[in-house]
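Here are my notes after a first pass through the model. Have it open beside you as you read.

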Amino acid sequence: MAVASKAPRRSGEDDLQWTALLLRVRDHQDREAFARLFRHFAPRVKAFLMKSGASPSLAEDCAQDVMATVWQKAHLFDPGRASVATWVFTIARNRRIDLLRKDRRAEPEDLPWGPEPEPDQAEVMELAQDTERLRAALQQLPEKQRLLVERAYFGDLSHSEIATETGLPLGTIKSRIRLALERLRHEMK
Amino acid sequence: MHTIAHHLTDPILTAYAAGTLPEAFNLVVATHLSLCDECRSQLAAHEAVGGAVLEDAGEAVMSDDALDACFARIASSPDALIRVGHNHHAKRKGGLFPEPLRDYVGGDLDAVNWRPAGLGVRQAILSTSKNASVRLLYIPAGAEVPDHGHNGTEMTLVLKGAFRDEFARFGAGDIEICDPNVEHTPVAEPGEDCICLAATDAPLKFSGLLPKIAQPFLRI
């Protein structure tokens, strides 16, 4: 399995690119934009599911399923609250739960939001930069700790085994999202 | 609204974000998240870690026709045309239970199928997978929460009223997470009956007071 390139990136630039593509899918059912998202994310979702214990053929099937869901649920994507990678991760995670555990998963009540007003561009960019910082911090963790975080997300650790804090800088991204939630709450009124 | 003072812990949020909590805990966590913006934004941060892990999970080669096959799936899906109606999530219409809990109960408070659990306390066990269990508890004002000795992790979310134990006071929206071997004696505050949602991954201990007729329903 090829390993993802670790080439340096300008902060948040990739994330913004994926966000722009997903918005084109959301707003214009743009097949070319979707194809580019597919070429980037489908192999990652497949690798993620294989690391979660799925066979290659099952992981392939599910990765297609996850990407089809990306198209179908694009209208639920809020660029002020998550990067595309994060959003795709939650879809892949839910698919894995259906698949490997057959449990029902209770989800928090959805906040009503619509395509307008959109979060402003600065907000989206700051979230992308936070996301990139988080990713860089993850890569810089001591290997033992990084592997532990990865195992937790591949579904390899139980909640009682995830006893320690991850040591990742979640504070800034958290306050960013908190602001986005407050914006939504405000709009609801 | 009451200010929530007791929140989800990082390990629980990581496990929920990773999708590895037992179903019973998922329900308690999702119900708390529905009430608590603080934890909701914490969760989004933990999910962002999942996004980073996905980005760096490596790439597994997809089959040559994968993209075409995916477009074919999209075209054949019954959801393909249901893309309008952005604001399809109605605001919660009053009631006590947030949506995830209402889904499990099949309605709000008046739909709960309470059973006596001794000493005036009533409970309703909700159906989940067996690796952990979750139940609603109705504790009369001033009464002690029964059967709270536990060998596993225990999560208790207050929906109405309040209780106190040796550690703190827990009011509406607050969640108490106890590790195995923590001994505590929660008591509902006087003045108002307390309704909680409680999950544990220890085997349930059934007291003799539980009607035998309920047992098949409880799926033990």
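1. How many salt bridges are there between chain B and chain A? The count is 8. One of them joins the side chains of E38(B) and R178(A), at 2.9 Å from N to O. Bear in mind that this is a predicted model, and every value here is computed from it.

2. On the rest of that interface: 24 residue pairs are in polar contact between chain B and chain A, both partners being at pLDDT 80 or more. On the chain B side, the elements that give two or more residues are helix 1 (10-18), helix 2 (23-35), helix 3, helix 4 (66-76) and helix 5 (99-105). Helix 3 gives the most, with 17 residues.

3. Now the overall numbers for the pair. In contact across the interface are 69 residues of chain B and 83 residues of chain A. The buried area between the two chains comes to about 7200 Å², and carbon and sulfur atoms give 58% of that.

4. R40(B) deserves a look. This arginine sits in helix 3 of chain B, which spans residues 37-55. R40(B) is buried, yet has no salt bridge. Why doesn't D37(B) count as a salt-bridge partner for R40(B)? As the nearest side chain of opposite charge, D37(B) is 4.0 Å away, and a salt bridge needs a side-chain nitrogen of Lys or Arg within 4 Å of a carboxyl oxygen of Asp or Glu. What R40(B) does have is the backbone oxygen of E109(A), 2.8 Å from a polar atom of the R40(B) side chain.

5. On to the nonpolar packing. The largest nonpolar core has 104 residues, and F34(A), L136(B) and L197(B) are the ones with the most contacts inside it. Helix 2 of chain A (residues 31-51) contributes the largest share of this core, 10 residues. There is also a second, separate core of 14 residues, with I139(B), A143(B), A168(B) and C194(B) among them.

6. Leaving aside residues up to four places away in sequence, F34(A) touches V25(A), M67(A), V70(A) and W71(A) in chain A. From chain B, F34(A) touches L67(B), C70(B), F71(B) and I74(B).

7. Last, helix 1 of chain B. This helix is mostly covered, with 8 of its 9 residues buried. The buried ones include P11(B), I12(B), L13(B) and Y16(B).

Technical notes:
Residues are numbered from 1 along each chain as its sequence is written. Chains are lettered from A and ligands numbered from 1 in the order in which they are written. This is a predicted model: local features need pLDDT of at least 70, side-chain atom pairs count only at pLDDT 80 or more; totals for chains, interfaces and linings use all residues. Side-chain values use heavy atoms; hydrogens and water are left out. A nonpolar core is a set of buried Ala, Val, Leu, Ile, Met, Phe, Trp, Tyr and Cys residues joined through side-chain atoms within 4.5 Å. Buried means under 20% relative accessible area, exposed over 50%, partly exposed in between (1.4 Å probe, protein chains only). Helices (H or I, at least four residues) and strands (E, at least two) are DSSP runs, numbered from the N terminus. Contact means heavy atoms within 4.5 Å. Lys and Arg count as positive and Asp and Glu as negative; His and the chain ends are not counted. A polar contact is a pair of N or O atoms within 3.5 Å; within protein, one must be able to donate a hydrogen and the other to accept it, and residues adjacent in sequence count only if both atoms are side-chain atoms. Buried area is the accessible area (1.4 Å probe) that two parts lose on being put together, summed over both.
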